[in-house]
Amino acid sequence: MSQLDFNMDSQWLPFTPNRTFQLDPRVFVAADGMYFTTHDGKKVIDGISSLWCVGAGHKRAQINEAIKKQLDTLDYATAFNASNDKAFQAAELIASMAPGDLNKVLFCNSGSEAADTSMKVALAYHRARGEGHRNVFIGRERGYHGVGFGGMSVGGIPANRKVYGTALLPRVDHLRFIHDPVNHAYINGVEPEWQEDILLELENRILPLHDASNIAAVIVEPVAGSAGWYLPPKGYLKRLREICDKHGILLIFDEVITGFGRLGTNFAADYYGVVPDMLNFAKCVTNGVIPLGGVICRDHLYETLMGANEKSPAHAIEFFHGYTYSGHPVACAAAIATINLFKEEKLFERAGEMGKFLGNCMHTALRGQPNVVSIRAMGNAAAVELTGIAGLPGKRAFDIFMTCYHKGVLIRPAGENLVLAPPYIVEKAQIELMVGVLADAIKQHA
Ligand SMILES: Cc1ncc(COP(=O)(O)O)c(C=O)c1O
């Protein structure tokens with residue numbers, strides 16, 4: 001297709017520089033395995049699993065067949081006061097993969113909705129226990145929990161918050177960021193060691209400031225994904241769990257990126273051996289093919305909300321929350337097929353193995369290259385951080401992203417970082433190719 005068979009006047013693109021996009025558009029019209037076909041007939045390798053979604057690679061017949069079959073069987077059914085068979089089956093499968101007593105799945109459609117859902121569960125849970133005053137949330141600097149007002153408020157990426165001012169939730173504080181630019185500059189598959197205990201800040205500043213008894217929940221990404229793949233220091237998540245337990249604070253892991261195999265395990269909770277009270281997921285659960293998100297809750301949350309309603313009439317709703325498309329049968333059919341495919345092809349194990357190769361390639365090819373200040377690899381993802389151009393934050397990374405795209409490699413610019421997070425089916429030669437193209441582009445933009 002050399003001529004455009006669409007015009008670009010009507011779509012307002014998300015998280016994209018719209019003013020310049022049309023001068024050099026990046027439009028995909030087909031995909032298969034690791035590759036896209038663009039509107040102008042080029043092949044581009046998907047180095048970022050299409051925003052961390054497509055773990056099993058594109059156009060997987062098993063998933064597509066399940067979707068088609070579902071469309072021909074039950075296309076949609078209301079989610080309120082009724083449900084569908086695929087939603088129950090998907091929930092059971094997802095809960096069976098989660099650690100501990102994370103057993104109850106609340107479905108939604110995206111990571112943003114998962115963030116807001118989990119925050120609402122936290123408030124409802126504390127209120128049901130007679131502690132409705134627990135309404136402070138703690139997020140973390142440079143955290144990303146989507147674009148709803150809840151998720152944005154606990155999120156800590158400045159540009160995402162800047163223009164929303166007083167519309168952000170008022171009773172929110174943030175933990176300091178987890179990265180030590182000096183001691184954590186080069187990390188390859190090991191947990192970084194901190195020279196100090198960064199969670200002392202939570203104990204010594206944040207908890208006393210708000211009073212621990214007012215805090216509903218702490219929400220963190222186990223690995224900070226959107227900010228540019230920053231890894232938690234050794235023992236950090238365990239200690240966070242202990243602090244939350246000590247003070248009756250719920251712990252929410254936002255595993256929208258880390259869930260479903262990115263670290264080589266079902267969830268980051270497994271990788272780090274820490275069970276949160278709620279675990280948010282989306283993206284890879286359907287291989288990105290159909291929107292689906294959710295929050296897996298520990299038993300005690302569900303039981304508390306049911307128990308608190310014991311005296312209310314049997315027809316009364318216990319939790320006033322949900323989406324028209326919660327547990328959509330087509331999305332749930334896609335999730336079931338995706339998870340079965342992950343298991344049959346042992347793709348999480350493969351993600352871990354390929355991730356080691358990716359980490360080694362990144363360190364070998366990029367360390368010492370111009371402007372490189374940090375390389376961080378863990379699981380099946382790696383980031384290289386560059387010094388920015390004075391006065392033009394993010395420009396160097398964006399230019400490198402564009403150069404890589406023109407050489408047929410889709411990578412992700414995130415601030416001054418460039419991130420690779422390929423589908424788990426990636427081959428070693430493809431990793432070498434992508435890292436090679438990235439290395440050349442870094443030199444070109446020195
Ligand atoms: C950790 C995390 N939470 C939430 C979200 C928001 O997900 P969505 O874009 O599906 O709303 C993302 C998206 O990248 C994410 O990485």
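Let's begin with strand E5 (residues 136-140), which pairs with E6 in the parallel sense over 4 bridges. Strands pair here if DSSP finds at least two bridges between them, and strands (E, at least two residues) and helices (H or I, at least four) are DSSP runs numbered from the N terminus. Within this pairing, Arg 140 stands opposite Leu 175 in E6.

A word on the source: this is a predicted model, where local features need pLDDT of at least 70, side-chain atom pairs count only at pLDDT 80 or more, and totals for chains, interfaces and linings use all residues. Residues are numbered from 1 along each chain as its sequence is written.

Now widen the view. E5 and E6 belong to an open sheet of 7 strands with mixed pairing, in the order E4-E11-E10-E9-E8-E5-E6. Its edge strands, each pairing on one side only, are E4 (102-108) and E6 (172-175).

The protein's domain assignment, where bounds come from an automatic or database source, gives domain 1 (18-56 + 346-444) and domain 2 (64-344). Across the boundary, 34 residues of domain 1 are in contact with 29 residues of domain 2; contact puts C-beta atoms, placed from the backbone, within 7 Å. On the side of domain 1 that touches domain 2, H13 gives the most, with 10 residues.

Finally, look for the ligand. Of the 14 residues around the ligand, Ser 110, Gly 111, Ser 112, Gly 146 and Val 256 come nearest; near means a C-beta atom, placed from the backbone, within 6 Å. Helix H5 (residues 111-128) gives the most to this shell, with 3 residues.

Conventions: Contact = placed C-beta atoms within 7 Å.
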